[in-house]
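Please take the structure below as the starting point, and follow the paragraphs with the sequence and the model side by side.

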Amino acid sequence: MNPTPEIKLQSVKKSYQMGEITVPVLKGIDLEIYPGEITVICGASGSGKSTLLNIVGGVDRPSAGEVWFEKTDLAQLKDQQLTEYRRSHVGFVFQFYNLISTLTARENVQVSTEIVSDPIPAEEALALVGLEDQLDYFPSQMSGGQQQRVAIARALAKRPRLMLCDEPTGALDAQTGKIVLSLLIRLNQELGNTIVIITHATPIAQLAHRIVSISSGRIAKVEVNQKRLSVEEISW
Amino acid sequence: MRVLPRKLLRDLWLSREILMAIIAVIVVGTGCFVGMLSTYNNLERARSNYYSLCRMADFWVNVKKIPLTELDRVLKIPGISELQARIVFPTIVNIPQSTSPISGQVISLPSKQSSILNNIVLQRGSYFSQVKREEVIISERFAQAWKIALGSSLELIVNGQRKKFLVIATAISSEYMYLTPPGKIASLPGEYGLFYIKHDYAEEIFDFSGACNNLIGLFSRGNKEAKGAALQKIDQLLHSYGVFDTIDRERQFSHLAITSEIRGLKTSAIFLPIIFLGVAALILNVLMTRMAEQQRTIIGTLKALGYFDREIIRHFIQYGLIIGVLGALFGSLLGYIISGLMCQLYDTLFEFPRLDNLIYPQIITLAFVISIFFSLMGTLRGVRKVVLLSPSEAMRQASPTTSKEVFLEKWKTIWQGFDFRLQMVLRGLFRHKTRTIVGIIAAALGASIVLVGLGLNHSFQNIIDFQFKRVTLSDYNITLKDRASRSVLDEVSTLAGVTKVEPVLYISGTFHWGHKQKKISITGILPQATMTVPQNGDRRVIIPNSGITIPSRLADSFGIQAGDQVIFIPVEGHKKSYRLSIAQVTQSMFGLNVYANYYYLNQLLKEEHSVSKIQLKAQQTPLQRRNFYRQIKKYAQIQSVSEIAQDKKNLREQFVAKFDGVLFVMILFAGVIFFGSILNASLILILERQREIATLRVLGYHPQEIGAIFLWENLIINISGAILGLPLGYLLLQGMAIDLQNDSFSIPLSTNLFSWIGTIFFAIIFVFLAHVFVQRNINRLPWGDALKMKE
Ligand SMILES: Nc1ncnc2c1ncn2[C@@H]1O[C@H](COP(=O)(O)OP(=O)(O)OP(=O)(O)O)[C@@H](O)[C@H]1O
Ligand SMILES: [Mg+2]
C-alpha cells in the first residue's frame with residue numbers, strides 16, 4: 001500500500017528573523033501526509049509543530065524547500081493563490097477555537113460556508129458535531145468543548161480535503177477532549193477527510209494512522225500505527 | 001443578510017458610545033459645511049434675484065447740483081449704457097412718539113411707475129396716484145417700527161421747511177438691503193428711514209427744477225478698468241458742479257455689507273468643516289487601529305479560513321462607510337437647520353423680498369463625499385496594517401510594547417517620586433504616542449475655535465469701547481445739513497442742560513498724489529478738543545497747528561510720509577486746489593480718518609460758515625432731556641442728532657448680542673470636538689485596561705479613584721492641547737482680520753488675557769463634562785468578568 005500522498009514536504013526549512021539574529025525553527029523537514037488518514041504530530045513545546053502545520057495549511061510560507069499539494073508547490077504560490085488553496089481545501093481548528101464572539105454558533109459556521117461553492121449547510125454541520133440545539137448560542141453562552149465543536153463544524157462545513165487541528169483538545173479537560181476527538185475520528189471515517197492533529201499528549205497519538213514526532217525542528221520519527229486504539233481506550 | 005455584515009452591525013452596536021462621539025464630530029463638520037454653503041447660496045441667490053428685480057445700479061454719483069441737460073453728455077461716455085437722475089436729500093422726520101428727531105433720506109421717484117434703476121418693491125399700498133403731490137412711500141421697516149399706517153400723514157423737514165405728506169405705501173429696495181444712518185455701521189429699525197417722493201415735487205421743494213444731485217446708472221459690459229475709467233470720466237466731466245463721490249457697486253454700502261458677509265460665509269464654510277472632519281478622521285483612525293488590533297485574531301482566523309485581504313478590508317472599511325454616511329446624513333439635517341436659522345438671522349440683518357432656505361442636492365452630495373472620504377481615510381489607515389499581516393502573524397498576539405520603559409523613567413529619582421497612578425498615566429501617554437498626539441491635536445483645534453470665538457467677542461467689545469470711551473466722548477452729536485456759522489455754537493450751548501460745546505468742521509474733497517487720487521473727508525477739530533480724541537495706538541494724538549494727520553493705511557496706499565505735500569481739491573468751493581502738508585502719520589484702528597486743526601482748516605478755506613457738526617456734553621434731568629429734544633426738533637438746519645449712549649447701546653444690541661448666539665454655538669461645537677476625542681480615547685483605554693481596573697477593584701479601590709487616573713490623563717492631554725491651540729486660534733483670528741479688511745476699512749481683531757484663560761477654562765470644563773461619561777463607563781465595567789477573561 002503506497003498511495004500518492006496528499007501533501008508532500010521536501011527539505012522544508014523555516015526560520016524567523018528576531019532583530020539581528022535568525023532563529024531556525026524548522027531545519028529540513030521531509031514529510032508525507034496521506035489522503036484519508038489521521039496523522040498526529042507530537043513533540044515538545046517549541047519544537048516547531050505549529051509552524052509546520054501552518055506551512056501545510058498555507059497560512060505560512062517555508063523559508064526554503066517545497067510543499068507539494070497535488071501538482072502545485074505551495075511555496076511558489078502568490079498570496080492570492082495561497083488564499084484560494086486555503087479557501088477550497090483546508091479546514092483549520094485552533095487550540096483557542098478563535099470563534100467570533102459577536103456571532104452565534106450558526107453564524108460562525110456560516111463565516112466559512114459563505115466563501116465556498118458547495119458547503120455543508122451550517123445547521124447540518126452543527127448537527128454533525130451534535131450542536132443542533134445550540135444553533136443560536138453565542139460563544140460566551142457555550143462551554144469550551146461546545147465552542148471547539150463549533151470550530152470543527154466551521155472547518156468541516158467547507159468539505160475540506162485537509163482538516164488541520166492545532167491542539168484541538170489543549171484547552172479542554174480530558175472528558176470534553178475525548179468528545180472532540182471521537183468527533184474527529186467519526187468525521188474521518190464517515191466523510192473521509194484527511195486529518196492532521198497536533199498534540200502534546202502522547203496517548204492521543206494512539207488514535208492515529210500515522211504518528212510523526214518532531215524534535216527541535218527535525219522529524220525524529222514517523223511510525224505507522226498498526227494498532228489504533230479507540231477514544232475510550234486512551235486516557236491522559 | 002450575510003454573516004460579516006451582521007458582525008459589523010453587532011460590533012457597531014457594541015461600540016455605539018464611541019461611534020456616536022465620532023459621528024457627532026462629523027455631524028458638526030458636515031453640518032457647518034452644508035449649513036454655511038447653503039446659506040451662502042441662499043443669500044447669493046436672493047441677492048441676485050433682488051438685484052434684477054430692482055434693476056440695481058452699477059454706479060452712483062453724488063453731486064451738489066447738475067442740470068439735467070448734462071445727462072446726455074454723461075451718457076456719451078463710453079462704457080455707460082443707462083443713466084437716471086434723482087434728487088436725494090437728508091431729512092428729519094417728525095415722529096410724535098419719539099422724543100428725539102429722527103433722520104432719514106428723501107429720494108425722488110418718477111410720479112408714474114416705470115422700470116427704473118434702483119426701483120422699489122412695494123410691500124403695502126400702491127404707487128403714487130395722480131391726485132396729490134405730497135405723497136410719500138416709506139421704507140417698510142421704518143413704517144413697522146413706528147407703526148405708521150397707510151393713509152396717515154407724516155411730517156418731514158425738507159429743505160428747511162416742514163411739509164406734511166400722505167403715506168400711501170411702504171416699500172423695500174435692493175439699494176438699501178442693509179440700511180444705517182450715514183457714518184454708522186449699525187442701527188435699529190426705526191432709527192433711520194427712507195422717504196420716496198414724486199420727482200417733480202422734489203424739484204419744487206428743493207429748488208431743483210431741471211436739476212438733480214444723484215446719478216445712478218449701468219455700465220455697458222466691460223472690465224473693471226473700463227468701468228473705473230468711465231467713472232473717472234464722469235468725475236472730470238461734472239467736476240465744476242461739485243462731485244462729492246462716485247461709487248461703483250463694489251463700494252456701495254449695502255452691497256459691501258452683504259458681499260463681505262457672503263464672502264465670510266464661504267471662508268468659514270471651507271475652514272470649519274476641515275477642522276471637524278480632520279479631527280473625526282484622526283479619532284476614527286485611533287478607534288479603528290484599536291479595533292483592528294483587538295480583532296487581530298479574528299482577522300488571522302478569517303485569513304486562515306481563506307478570506308481574501310480585500311474581503312477583510314472591505315468588511316472593516318464598512319465601519320468607516322457607515323460612520324461617514326450617518327455623519328453626512330445627520331450633518332445634512334443639521335446643516336439644513338443651521339441654514340434655516342442663519343436665514344432668519346440674515347432676514348433681520350438685511351432686508352430681502354424673500355429669503356428662502358433651499359435644499360441644494362449638489363452641496364449635500366459633496367457633504368457625503370467629503371464625510372465618507374474622511375471616514376474612509378481614518379478607517380483604512382487604522383486597519384491596513386493588521387490586515388496586511390500574514391495570517392499566522394495576525395493570529396499571534398501583537399508583540400507587547402508594554403515592556404519598554406518611557407524616557408521619563410530614566411530619571412530614576414524623579415520617576416520614583418511619582419505616585420503609581422501618575423506613573424500609569426505617564427506610561428500610557430508615552431506608549432500610545434499616536435493616540436496622545438491625536439488627543440492633543442483635537443484639543444488644540446477645539447481650543448482654537450473657542451479662542452476665535454472669545455477673541456471675536458473681545459474685539460467687538462474693544463472696538464465699541466475704543467470708539468465710545470476714547471474717541472467719541474460727547475453726549476450728543478448734532479450734524480448740520482449745511483455748514484453753519486459759529487454763532488450756532490452759542491445757540492446750542494443755551495439748550496437745556498448743555499454744559500459744553502465743541503465745533504467740528506468736515507471738508508470733503510479729493511487727494512491727489514502723482515496720478516493717484518482718493519475721495520477723503522478731513523475732520524477739523526479744536527487743538528484741545530475733548531469730545532473727539534483721535535488715538536494713535538494707545539496714545540492720544542496731538543493735532544499740530546498746521547498740516548494734516550493721516551492714518552498709516554492711507555499713507556501706505558499713497559506711498560507718502562510725513563513732510564510730503566498732497567494736493568487737495570474740495571468738492572465745494574471754486575475748483576481751487578490746496579497744497580496740504582502731511583504733519584504726521586498715525587496708526588488708526590479702523591476707517592480712514594484724516595484730521596486737521598480746526599482753525600487751520602478755517603484759515604485755509606477762508607470760510608465764514610465753519611461748523612459741520614456740534615458735539616456737546618450735557619448734564620440733564622429727564623425733564624431737561626425732553627426739553628432739549630423739543631428745542632432741537634425745531635431746528636431746521638439739523639440733519640441728524642445722535643445720542644452717544646444710545647448709539648453705543650444699539651451697537652451692542654445689534655452686534656454683540658447677536659454674536660453671543662454665535663459664540664455659544666462655536667463653544668458648543670468646540671465642545672463636541674473635545675467630547676468626541678476624550679470619549680473615544682477613554683473608552684478605548686477602559687477596554688484595554690479592563691484587567692488593570694479589575695485588579696485595582698479587587699484590591700479595594702473605589703471606581704472614583706480609578707476614574708481619577710483617567711481624569712488626570714485627559715487633563716494632561718487636553719490642557720497641553722489647549723495651550724497649543726492658543727497660538728493657533730490667534731493666527732486664525734489674524735487671518736480672519738486680513739480677510740475682513742479692505743483699503744479703506746479694517747476691523748482689528750485681538751485677544752486678551754481673559755480670552756486665553758477662558759479658552760483653557762473651557763477646555764477643563766469639557767474634560768470634566770466628558771469625564772462624567774467616562775466615570776459612568778468605569779462604574780459599569782463588569783470587572784469580575786474581566787478577571788476571568790482570557791486575553
Ligand atoms: N512569528 C514568529 N517569530 C519569531 N519566532 C517564532 C514565530 N513563530 C514561532 N516562533 C518560534 O518558533 C519556535 C517554534 O514555534 P511553534 O509555535 O511552531 O512551536 P510548537 O511546537 O507549536 O510549540 P507549542 O507546543 O508550545 O505550541 C518557537 O521557539 C517560537 O518562539
Ligand atoms: Mg503550537
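This is a predicted model: local features need pLDDT of at least 70, side-chain atom pairs count only at pLDDT 80 or more; totals for chains, interfaces and linings use all residues.

Helix H9 of chain B, which covers residues 309-349, packs against helix H10 of chain B, residues 361-387, at an angle of about 145 degrees, and their axes are 7 Å apart. The crossing in which H9(B) passes H10(B) is right-handed. Sorted by class, the residues in the contact of H9(B) with H10(B) are 17 nonpolar, 7 polar and 1 charged.

The secondary structure of chain B amounts to 23 helices and 22 strands, and its C-alpha trace spans about 100 × 60 × 55 Å along the principal axes. Of the 791 residues in chain B, 53% are buried.

B:Ala46 sits in helix H2 of chain B, which runs over residues 16-54, and because its relative accessibility is 6%, below the 20% limit, B:Ala46 counts as buried.

The next stop is ligand 1, where chain A comes into view. Which chains contribute residues to the surroundings of ligand 1? Residues from both chain A and chain B surround ligand 1, and the site is therefore shared between chains. The surrounding residues number 14, and the closest are A:Ser45, A:Lys49, A:Ser50, A:Thr51 and B:Arg396. By class, this shell around ligand 1 consists of 4 nonpolar, 7 polar and 3 charged residues. Strand E1 (7-18) and helix H1 (49-56), both of chain A, each supply at least two residues of the shell, and H1(A) gives the most, with 3 residues.

A polar side-chain atom of A:Ser45 is found 2.6 Å from an oxygen atom of ligand 1, while for A:Gly48 a polar backbone atom lies 3.0 Å from an oxygen atom of the ligand. In the case of A:Glu167, an N or O atom of the side chain is 3.4 Å from an oxygen atom of ligand 1. Taken on its own, ligand 1 has 640 Å² of accessible area, and the protein covers 71% of that area.

A:Ser11, which is found in strand E1 of chain A, has a phi near 40 degrees, a positive value in a residue that is not glycine. The relative accessible area of A:Ser11 is 42%, and because this lies between the limits of 20% and 50%, A:Ser11 is described as partly exposed. A:Glu70 likewise has a positive phi, of about 50 degrees, although it is not a glycine. Where in chain A is A:Glu70 found? A:Glu70 is placed in the loop between strand E4 (64-69) and strand E5 (72-73) of chain A.

How values were computed
Residues are numbered from 1 along each chain as its sequence is written. Chains are lettered from A and ligands numbered from 1 in the order in which they are written. Side-chain values use heavy atoms; hydrogens and water are left out. Axes are lines fitted to C-alpha atoms, for helices over the stretch in contact, and angles run from 0 to 180 degrees between N-to-C directions. Helices (H or I, at least four residues) and strands (E, at least two) are DSSP runs, numbered from the N terminus. A crossing is left-handed if the near helix is turned anticlockwise from the far one by less than a right angle, and right-handed if clockwise. Ala, Val, Leu, Ile, Met, Phe, Trp, Tyr, Cys and Pro count as nonpolar, Asp, Glu, Lys and Arg as charged, and the others, Gly among them, as polar. A residue is near a molecule or strand if one of its heavy atoms lies within 4 Å of it. A polar contact is a pair of N or O atoms within 3.5 Å; within protein, one must be able to donate a hydrogen and the other to accept it, and residues adjacent in sequence count only if both atoms are side-chain atoms. Accessible areas come from the Shrake-Rupley method with a 1.4 Å probe; for residues, only the protein chains shown count as cover. Buried means under 20% relative accessible area, exposed over 50%, partly exposed in between (1.4 Å probe, protein chains only).
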